[in-house]
Amino acid sequence: MLHIDITKQLSDFELRIKFSVENSILVLFGPSGCGKTTTLRCIAGLEKPDSGMITNRDLPLYDSATNEFVPPNKRRVGYMFQDYALFPHMNVHRNIWYGVRKGDAKAQELYKKLLRLLKIDQLTERFIDKLSGGEKQRVALARALMAEPDILLLDEPLSALDNNTRLELQAELKNMQQLWNIPFVLVTHDPQEARALGHEVLFLERGRQVTAPENWECTCPGRLQAAN
Amino acid sequence: MIEWQPVVLSLKVAVASIVFVFAFGLLAAYAMKTLSFPGKAAVEALFILPMVLPPVVTGFLLLLLIGKNGPVGKFVGEHFATQLIFTPYAAVLAGAVVAFPLMYQSAKAAFQSVDSKLEDAARTLGANEWRVFWTVTVPLSWPGLVAGLVLSFSRALGEFGATIMVAGNIPGKTQTLPLAIYFAAESNNLTLAGLYVLIISVLTFSMIFWLNIWSKTKDGSSAGRRLF
């Protein structure tokens, strides 16, 4: 279980966020600049909160009380960036293998499984500039999962895609989360995406957790729950 | 009859200089990009200083440092029973010091142009800073680094003022091409001076010409792709 309870001063307001997530998809939903991406960066260790603590499976990743800060390369927290951040000087194969710690038979098996599940087996020799938006998204997901993370963070993973590809990849993301059975924390400002993907949706506004908007329940399929 | 020794010595001195310039330039530029410490602006100004100081002033300062009574000169004399002053090593040092700012500036600009999200992605995939540097930052900065190499090589090849201060003009030992041109012209041997001028002009022109052609045909990712 990922547990986070932190504060961080941003330029216009203070981010104050607290939640737990266990092997499901939690969506951080809110307008641009409300602190969603900063929250993900703090979980990944790319930014340091001002105070509080972040734990995963009861192991501290950050704790201001004991001055504990695990660097990002030791956290086993996967991160899918908004524009995917695939390495342009490497082909798909090298991108996917970048985070592999031990290239043994198990890793080979996982690689083949990911290529098959994400339907990217024909792309392995291609360079990133020769991929479509949907293909990039799949490769980025494969790269993140190949590193066998304990948590996966996704920053607006579908925002750059056209509508058809988006719907297709929403289903794939849910499928991958069920197969991997690890917490996915997903950031979006798109209500349709939040409803379609989130087992739980947490609403953010200027760094604070707020209740769901009034019209949220009537448009939502009913399985969503607003955070406090 | 043309004497080739100054040409050969100049090439050797320039090659030896850029080995140091490349290593220290990269290190300094990456340190300045990633570290923040009090007095950083002053250190940076110090790095750039040899570019704006008259070379003869740089040479004078080096003379104070590596002369028989200078701190480095004394140390070398006591521990290695030799002297740096008026040797080809002094010419290498002079070339390296005046060429360093060009490599540093090019490397710094190149490193800053790398999308920091790619470096962050590498970190979340388990890469330590050393691996991020060699597998992401350097390959994607390659065009800027090559430009820095060519410019600093040309600068070291053409160095005159600082070289004459610390290496002198000993024909067959420390007389580099620019010194040979000066002393040939001074002794009214304009044919020899002209030939040397032609050689150094063709050398530097070819390098800059090649750099321009190369940088127009390669973007950062494809250049890194070819080399790494």
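This is a predicted model: local features need pLDDT of at least 70, side-chain atom pairs count only at pLDDT 80 or more; totals for chains, interfaces and linings use all residues.

1. Helix H3 (residues 105–117) of chain A and helix H4 (residues 133–146) of chain A have axes that come within 10 Å and cross at roughly 155°. Angles over 145 degrees count as roughly antiparallel, so H3(A) and H4(A) are roughly antiparallel to each other. Their crossing is right-handed.

2. Next, have a look at the side chains where these helices meet. H3(A) brings Leu110(A), Tyr111(A) and Leu114(A), and H4(A) answers with Ala142(A), Leu145(A) and Met146(A). Sorted by class, this contact of H3(A) with H4(A) has six nonpolar residues, with no polar and no charged ones.

3. Now to the contact between the chains. Chain A puts in 17 residues and chain B 18 residues. On the side of chain A that touches chain B, strand S7 (residues 77–80) of chain A gives the largest share, three residues. By class, that side of chain A has 12 nonpolar, four polar and one charged residues.

4. Chain B has 11 helices and zero strands. Its C-alpha trace spans about 65 × 45 × 30 Å along the principal axes.

5. Finally, the packing of chain B. Of the 228 residues in chain B, 42% are buried. Taking contacts in chain B between residues at least 6 apart in sequence, 77% join residues at least 24 apart.

How values were computed
Residues are numbered from 1 along each chain as its sequence is written. Chains are lettered from A and ligands numbered from 1 in the order in which they are written. Axes are lines fitted to C-alpha atoms, for helices over the stretch in contact, and angles run from 0 to 180 degrees between N-to-C directions. Helices (H or I, at least four residues) and strands (E, at least two) are DSSP runs, numbered from the N terminus. Angles under 35 degrees count as roughly parallel, over 145 as roughly antiparallel, 65 to 115 as roughly perpendicular and the rest as oblique. A crossing is left-handed if the near helix is turned anticlockwise from the far one by less than a right angle, and right-handed if clockwise. Two residues are in contact if their C-beta atoms, placed from the backbone, lie within 7 Å. Ala, Val, Leu, Ile, Met, Phe, Trp, Tyr, Cys and Pro count as nonpolar, Asp, Glu, Lys and Arg as charged, and the others, Gly among them, as polar. A residue is buried if 20 or more other C-beta atoms lie within 10 Å of its own, exposed if 12 or fewer, and partly exposed in between; C-beta atoms are placed from the backbone.
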